[in-house]
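Work through the exercises below with the structure in view. Each task is followed by a solution in steps.

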Amino acid sequence: MLTALHFFTHIGLSWIVGAAGHRTMRDRWLIVGAGVLPDLDGIGILWGQHAYDAVHRAAGHGLLFIVLWLLLVVALADRRWPTAALAAVSFHLHLLLDVVGTGGLPIRYFWPFSDASWTYAGHWTLASWQNAVVMGGTLLGVLWIGWRTARLNAPAAARGDA
Ligand SMILES: [Zn+2]
């Protein structure tokens, strides 16, 4: 349950980053992808704990992944460089939330070139007030963006601007 909430926080934070400025839906999804897709490297769990430990927080949580993703962003985005910059922010927010918010496996940022890893001894546990604050703040941010978007798209009369 808490792991799922943590994952939804990744989605929400990425969505908030993607909503900065006036982005097309394509650019938003490219930014959200940078903040959500890293956890696909946990798919090794389907083959067992050893496969999971070998690549989780390495293959999708490192420089190689984000460089490849940014190449895709630059090729596909409507506004290339601002979208690439926000995708990089979204990705690194994911890493920060993993390291500080959960502990667990270390981040191997330079995998497969190096096994150097990042951990933070003072990390929070999933069931901590700090994570509750981050999750709650993220939820409020997503709701605010939804409200703002609905208001911007509403006819002028419905907004009271007429
Ligand atoms: Zn992660």
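A residue is buried if 20 or more other C-beta atoms lie within 10 Å of its own. The model used here is predicted.

**Exercise 1. State which residues of helix α1 are buried, and what covers them.**

Step 1. Apply the cut-off of 20 to α1: the buried residues are Thr9, His10, Gly12, Leu13, Ser14, Trp15, Ile16, Val17 and Gly18.
Step 2. Look for what covers these residues: the cover includes α2, α5 (80-101) and α6 (129-153).
Step 3. For the protein chain as a whole, 29% of the 162 residues count as buried.

**Exercise 2. Check the length of helix α1 against its number of residues.**

Step 1. Helix α1 covers residues 2-18, which is 17 residues.
Step 2. The expected span is 1.5 Å times one less than the number of residues, so α1 should span 24 Å.
Step 3. The end C-alpha atoms of α1 are 24 Å apart, which agrees.

**Exercise 3. Describe how helix α2 packs against helix α4.**

Step 1. The axes of α2 (residues 25-36) and α4 (residues 63-76) are 11 Å apart, at an angle of about 180 degrees.
Step 2. Angles over 145 degrees count as roughly antiparallel, so α2 is roughly antiparallel to α4.
Step 3. On α2 the contact is made by Arg26, Leu30, Gly33 and Ala34, and on α4 by Ile66, Trp69, Val73 and Leu76.
Step 4. Sorted by class, this contact has 6 nonpolar, 1 polar and 1 charged residues.

**Exercise 4. Give the numbers of helices and strands in the protein chain.**

Step 1. The protein chain has 7 helices and 0 strands.
Step 2. Along the sequence this reads α-α-α-α-α-α-α.

Conventions
Residues are numbered from 1 along each chain as its sequence is written. This is a predicted model: local features need pLDDT of at least 70, side-chain atom pairs count only at pLDDT 80 or more; totals for chains, interfaces and linings use all residues. Axes are lines fitted to C-alpha atoms, for helices over the stretch in contact, and angles run from 0 to 180 degrees between N-to-C directions. Helices (H or I, at least four residues) and strands (E, at least two) are DSSP runs, numbered from the N terminus. Angles under 35 degrees count as roughly parallel, over 145 as roughly antiparallel, 65 to 115 as roughly perpendicular and the rest as oblique. Two residues are in contact if their C-beta atoms, placed from the backbone, lie within 7 Å. Ala, Val, Leu, Ile, Met, Phe, Trp, Tyr, Cys and Pro count as nonpolar, Asp, Glu, Lys and Arg as charged, and the others, Gly among them, as polar. A residue is buried if 20 or more other C-beta atoms lie within 10 Å of its own, exposed if 12 or fewer, and partly exposed in between; C-beta atoms are placed from the backbone.
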